[in-house]
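The entries below record what I looked up, in the order I looked.

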Amino acid sequence: MTYPTDPDPQYDDTRVVERERVVEQPAPVAPSSSNVNVAGGGRGYVAAGPGPLYYVRRVISLLFGILAVLIALRIVLLLLVANQTNGLVDFIYNVTEPFVAPFRGIFNFDLVSPGGGSTLDIGALVALIGWALIYMLIMAILSLGDRTSTSTV
């Protein structure tokens, strides 16, 4: 079908259509202390905020993070032959020793000294891995009691 170039009412197929917008709102519900989602048709639970173990997990993450940094510093200081009479170096060695000691003796050698006074503390490396595994285990156990996901019924 060919349309002429000037608008002709005979060939105009546009139509005026009116739309009506209807918005349904749920009936008002009295406030309650329940966490059940009544507006969604009872499909699940609404998370009201952090779970009960959220702050416990944050504190444990902070403590294990500090421990990991201190053990890593211990490894680096031993590799770089840090002065043990320095107060900060002595502090790091004294604080981390109780956390490294349980992991000493797992292998037949605890230290690797290639010469020049530099030492790779194998016990500290194993302790770093061991404490990371313990941290992951604790966090997995705590996540069992935390309500982070929604339940669909």
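Entry 1, a helix pair. I looked at how helix H1 (residues 54–79) and helix H2 (residues 87–100) pack in this predicted model. Two packed helices are described by the angle between their axes and the distance between the axes, so I noted both. The angle for H1 and H2 is about 115°, and their axes lie 9 Å apart. I noted the crossing of H1 and H2 as left-handed.

I then listed the residues that meet. From H1 the list has Leu67, Leu70, Ile71, Leu73, Arg74, Leu77 and Leu78. On the H2 side they meet Val89, Ile92, Tyr93, Val95, Thr96, Glu97, Phe99 and Val100. By class, the residues of this contact of H1 with H2 are twelve nonpolar, one polar and two charged.

I moved to the loop between H1 and H2, where I found Val81. What is the phi of Val81? I read a positive value of about 55°, although Val81 is not a glycine. I made a note of this because most residues other than glycine have a negative phi.

I looked up Tyr135 and placed it in helix H3 (residues 122–144). Which residues does Tyr135 touch, not counting those up to four places away in sequence? I found Ile60, Ser61 and Phe64. Ser61 is 74 residues from Tyr135 along the chain, yet their C-alpha atoms are separated by 7.8 Å. The side chains of Tyr135 and Ser61 are joined by a polar contact of 2.9 Å. I noted Tyr135 as partly exposed, since its relative accessible area of 26% is not under the 20% that buried requires.

I counted three helices and two strands in the protein chain. Along the sequence I read their pattern as α-α-β-β-α. How much of the chain is buried? I noted that buried residues make up 20% of the 153 residues. The accessible surface comes to about 12,000 Å², and 62% of that surface belongs to carbon and sulfur atoms. Last, I looked at contacts between residues at least 6 apart in sequence, and 57% of these join residues at least 24 apart.

Definitions and conventions. Residues are numbered from 1 along each chain as its sequence is written. This is a predicted model: local features need pLDDT of at least 70, side-chain atom pairs count only at pLDDT 80 or more; totals for chains, interfaces and linings use all residues. Side-chain values use heavy atoms; hydrogens and water are left out. Helices (H or I, at least four residues) and strands (E, at least two) are DSSP runs, numbered from the N terminus. Buried means under 20% relative accessible area, exposed over 50%, partly exposed in between (1.4 Å probe, protein chains only). Contact means heavy atoms within 4.5 Å. A polar contact is a pair of N or O atoms within 3.5 Å; within protein, one must be able to donate a hydrogen and the other to accept it, and residues adjacent in sequence count only if both atoms are side-chain atoms. Accessible areas come from the Shrake-Rupley method with a 1.4 Å probe; for residues, only the protein chains shown count as cover. Axes are lines fitted to C-alpha atoms, for helices over the stretch in contact, and angles run from 0 to 180 degrees between N-to-C directions. A crossing is left-handed if the near helix is turned anticlockwise from the far one by less than a right angle, and right-handed if clockwise. Ala, Val, Leu, Ile, Met, Phe, Trp, Tyr, Cys and Pro count as nonpolar, Asp, Glu, Lys and Arg as charged, and the others, Gly among them, as polar.
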